[in-house]
Amino acid sequence: LAADDVLADLPEGERRQRLVPLRRLAAAPADAVTREARRTAVGRLSDLLLELGEAPEAVTLLTQVDLPPDPELTELRFRATALAGEYDEAAAIRDAPEGWVELLTWSVARPAIDPSALRDEIARRFEDRLEGATRTAFEAASTTLTERGDERQGNGQVTGDRSSRVRAGEE
């Protein structure tokens, strides 16, 4: 974990270097690392995978790891399942629109993530429940996403969640 602390300061384009040591620590035998070290590694790895647009891998990690319930890991599981397009599973974790809109706002700022399907799901699922500040945040994130999409037109870039790759015919 100390090595990851150093690697965490790498420039954005070099963050993938953190994956190998974090994966090894998360998968280490139970007698080789403490439960807390494993929990920290799983949290960091999941967060990094989400930042890199690898939500399906984060879902797999978070569902297979043998750790006691933890609010931080539960939040990461919500984010991972929603970004992976597993909306019913995500709704079982968080069913209020505020959390979904917070995730949309977070994901719009990440170049490796295409949260278009998430935006559409929020609109469908919470259409009648988006009010006040939550509606304002949703509209702002939607506008930013639309502007970001306009900038990407024509570059062939497919990023982020599973639904983006499915729509692009990659899966």
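## Exercises on the core and its aromatic rings

The largest nonpolar core holds 46 residues, and Val42, Leu50, Leu83, Trp100, Leu118 and Ile122 have the most contacts inside it. Such a core is a set of buried Ala, Val, Leu, Ile, Met, Phe, Trp, Tyr and Cys residues joined through side-chain atoms within 4.5 Å; buried means under 20% relative accessible area, exposed over 50%, and partly exposed in between (1.4 Å probe, protein chains only). This is a predicted model, where local features need pLDDT of at least 70 and side-chain atom pairs count only at pLDDT 80 or more, while totals for chains, interfaces and linings use all residues. Residues are numbered from 1 along each chain as its sequence is written, and side-chain values use heavy atoms, leaving out hydrogens and water.

**Exercise 1.** Find which helix gives the largest share of this core.

*Solution.* Begin with the helices, which are DSSP runs of H or I with at least four residues, numbered from the N terminus (strands are runs of E with at least two). Elements giving two or more residues to the core include helix 3 (35-51), helix 7 (97-108) and helix 8 (116-126). The largest share, 7 residues, comes from helix 3.

**Exercise 2.** List what Leu118 touches, leaving out residues up to four places away in sequence.

*Solution.* Take contact as heavy atoms within 4.5 Å. Leu118 then touches Ala82, Leu83, Tyr87, Trp100, Leu103, Leu104 and Ser107.

**Exercise 3.** Classify the ring pairs Tyr87 with Trp100 and Trp100 with Phe126.

*Solution.* First, the rule: rings of Phe, Tyr and Trp (its six-membered ring) pair if their centres lie within 6.5 Å; planes under 30 degrees apart count as stacked, over 60 as edge-to-face and the rest as tilted. This gives 3 aromatic pairs. Next, Tyr87 and Trp100 have ring centres 6.3 Å apart and planes at 40°, so they are tilted. They link helix 6 and helix 7, 13 residues apart. Then, Trp100 and Phe126 are edge-to-face, at 5.5 Å between centres and 65° between planes; this pair joins helix 7 to helix 8 across 26 residues. Finally, Phe78, Tyr87, Trp100 and Phe126 form one aromatic cluster.

**Exercise 4.** Decide whether Arg110 is buried or exposed, and name its contacts beyond four places in sequence.

*Solution.* Start by locating Arg110 in the loop between helix 7 and helix 8. Its relative accessibility is 18%, so Arg110 counts as buried. Its contacts beyond those neighbours are Glu51 and Arg148.
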